[in-house]
Amino acid sequence: MMIKVTIQTAGLLVFVWLFFGDFVLGWFHNSAKTKTSQNEYSRKSTPDNQDQSCFCQLTGVLDDCFCDIESIDVFNNFKIYPRIKKLNERDYFRYYRVNLKRPCPFWPDDGHCSIKDCHVEPCPESMIPVGIKSGNYNKYSQAPNTITNIVDCEQAHELGAINSTLSNQSKEAFEDWARHDDAQDHFCLLDDETSPDAEYVDLLLNPERYTGYKGPSAWRVWNSIYEENCFKPRSVYRPLNPLAPSRGPLGDDDGEGFYDWLEGLCLEKRVFYRLISGLHSSINIHLCAEYLLDEAWGKSLWGPNVQEFRQRFDPAETKGEGTRRLKNLYFLYLIELRALSKLAPYFDRAFINLYTGNTQEDTGTKELLLQLFNETQAFPMHFDEKSMFAGHKIEAKILKEEFRLHFKNISRIMDCVGCSKCRLWGKLQIEGLGTALKILFSEKEIKNLPEHSPSKGFQLTRQEIVALLNAFGRLSTSIHQLHNFRSLLNGKR
């Protein structure tokens with residue numbers, strides 16, 4: 001009897017092995033390989049691990065916050081990305097007014113795109129929803145019942161682009177607030193939307209992608225941002241900077257001197273650098289994901305360029321910088337995610353509508369926006385901005401102002417970008433990040449928002465709202481694209 005049971009058990013084990021053996025072996029093989037790959041950061045990639053070296057250490061908890069990368073991946077790719085993508089396709093968020101002709105205030109503009117796709121096609125006024133173009137340069141529009149016809153609407157000096165039904169008391173509050181607005185702490189130099197050089201751009205028809213803009217002109221822009229605006233002494237150069245002289249330990253490409261300096265900074269200045277680095281990484285991912293692969297018979301073929309991605313992010317290609325760059329992208333994502341979660345009360349108020357003139361469209365857009373806010377508020381591992389500017393009151397105020405002015409200067413550098421499409425998306429994403437910072441450091445004003453009327457203490461222009469949501473959409477897309485590149489590299493292996 002015992003022999004019979006043993007034979008039956010053995011037969012069952014053989015069956016299980018035959019059925020699941022390859023799976024089990026594969027699981028153990030992949031698990032062991034993953035653990036091993038985490039220790040190969042400092043060694044040169046071999047053919048077996050080269051395809052995954054871009055991601056081998058992109059795991060675990062981020063510096064300066066208590067959130068892990070894996071949680072962000074799942075949260076973004078399943079909760080946020082589908083919603084933000086759909087939201088930014090709505091009329092309110094797809095049209096952005098920008099001045100791409102403003103001259104560079106720092107040096108002659110000598111950069112040019114190498115391909116025709118650098119060109120930005122402005123949107124004809126006739127294509128812009130009437131509710132947007134009627135009062136785009138202010139904050140709120142008057143009640144719809146005060147607009148007698150479309151022609152008058154286009155010429156009216158209205159109070160903004162977010163539709164409201166206003167009482168006389170509210171109108172007085174608007175006038176008082178409008179006088180106060182110029183004193184607000186803006187982190188960006190905003191375009192004058194009334195300028196004749198300002199034009200509407202359809203962001204869906206002018207996507208961010210590879211344009212061929214590179215070389216000394218592009219490097220000068222980024223070099224000016226990093227070397228002159230990131231609280232850095234001239235004796236310290238970031239790793240892999242081609243314009244940096246070799247000056248001993250602080251000038252070498254190994255990056256040790258730079259990161260020793262960075263870790264010695266206060267949190268606020270360290271955060272500033274990581275935000276800029278994260279934005280730079282996000283832009284590079286977009287260029288790699290939407291690369292000009294082929295151009296024949298008048299048609300352009302765009303798609304992911306794995307080799308370009310490796311050159312920018314593989315630790316073996318970047319002397320270990322690639323993983324740091326990607327981690328800074330995740331850090332920036334958390335900052336803007338936190339800003340959106342704090343902004344929810346602003347849009348929860350019933351009188352706030354995202355006004356285009358199409359009631360059905362506007363209602364649907366606000367519903368999508370509130371759904372997105374609900375998701376952002378449910379995220380359990382937000383960055384704690386209260387840890388910033390929390391020291392001695394006077395010193396904290398001075399540091400915050402220095403932080404703001406440095407960032408504002410970077411927004412001016414965006415007018416020095418020689419490529420029109422790069423300039424468009426650079427200005428938008430810098431304005432979006434500046435808006436996020438404005439939100440994070442306006443907690444008291446947001447908490448005290450009146451329920452049924454606008455507040456002079458905190459307001460956002462339509463341009464700031466559009467820039468914020470599109471900038472966050474770019475970050476969400478970048479993290480989603482990392483998943484795609486990971487799959488492509490797995491496929492190659």
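The questions and answers below concern a predicted model.

User: How many cavities of 30 Å³ or more does the structure hold, and what is the volume of the largest cavity?

Analyst: In this predicted model, the structure holds two cavities of 30 Å³ or more. The second largest cavity has a volume of about 40 Å³, while the space in the largest cavity comes to about 100 Å³.

User: Which helix gives the most to the lining of the largest cavity?

Analyst: The lining of the largest cavity includes Y96, R102, C188, L189, L190 and D191, together with S411, M414, K427, I430 and E431. By class, these residues divide into six nonpolar, one polar and four charged. Three residues of the lining come from residues 420–440, and the element that gives the most is therefore helix 15.

User: Which helix supplies the largest share of the lining of the second largest cavity?

Analyst: Around the second largest cavity lie H186, F187, C188, L190, E431, G434, T435, K438 and E464, a lining that divides into three nonpolar, three polar and three charged residues. The largest share of this lining amounts to four residues, and it comes from helix 15.

User: Which helix supplies the largest share of the lining of the largest pocket?

Analyst: The largest pocket holds about 1,000 Å³ of space and is lined by 45 residues, with W222, H280, N284, L287 and R312 lying nearest its centre. By class, the lining has 23 nonpolar, twelve polar and ten charged residues. Helix 7, helix 9, helix 10, helix 12 and helix 15 each supply at least two residues, but the largest share, nine residues, comes from helix 9.

User: Where does helix 12 bend, and how many of its residues are buried?

Analyst: The bend of helix 12 is about 35° and lies at K342, with a proline, P345, following within four residues. The helix is mostly covered, and of its 28 residues the number that are buried is 23.

User: In what sense do strand 5 and strand 6 pair, and which residue is the bridge partner of Y291?

Analyst: Strand 5 (residues 291–296) and strand 6 (residues 299–303) pair in the antiparallel sense over five bridges. They form a hairpin with two residues between them, and W297 in the turn has a positive phi of about 55°. Within strand 6, the bridge partner of Y291 is G303.

User: Is K319 buried or exposed?

Analyst: K319 is not a glycine, although its phi is positive, at about 55°, and it is found in the loop between helix 11 and helix 12. Its relative accessible area is 53%, and because exposed means over 50%, K319 counts as exposed.

User: Is F389 buried or exposed?

Analyst: F389 is found in the loop between helix 13 and helix 14, and its phi is near 50°, a positive value in a residue other than glycine. Its relative accessibility is 15%, and because buried means under 20%, F389 counts as buried.

How values were computed: Residues are numbered from 1 along each chain as its sequence is written. This is a predicted model: local features need pLDDT of at least 70, side-chain atom pairs count only at pLDDT 80 or more; totals for chains, interfaces and linings use all residues. Side-chain values use heavy atoms; hydrogens and water are left out. On a 1 Å grid over the protein atoms alone, a cavity is a set of points where a 1.4 Å probe fits but cannot get out, and a pocket is an open set with protein on both sides within 12 Å along at least five of seven lines; lining residues have an atom within 4 Å of a point. Grid points are joined across faces, edges and corners, and a volume is the space filled by probe spheres set on the points. Ala, Val, Leu, Ile, Met, Phe, Trp, Tyr, Cys and Pro count as nonpolar, Asp, Glu, Lys and Arg as charged, and the others, Gly among them, as polar. The bend at a residue is the angle between axes fitted to the seven residues ending there and the seven starting there. Buried means under 20% relative accessible area, exposed over 50%, partly exposed in between (1.4 Å probe, protein chains only). Two strands pair if DSSP finds at least two bridges between them.
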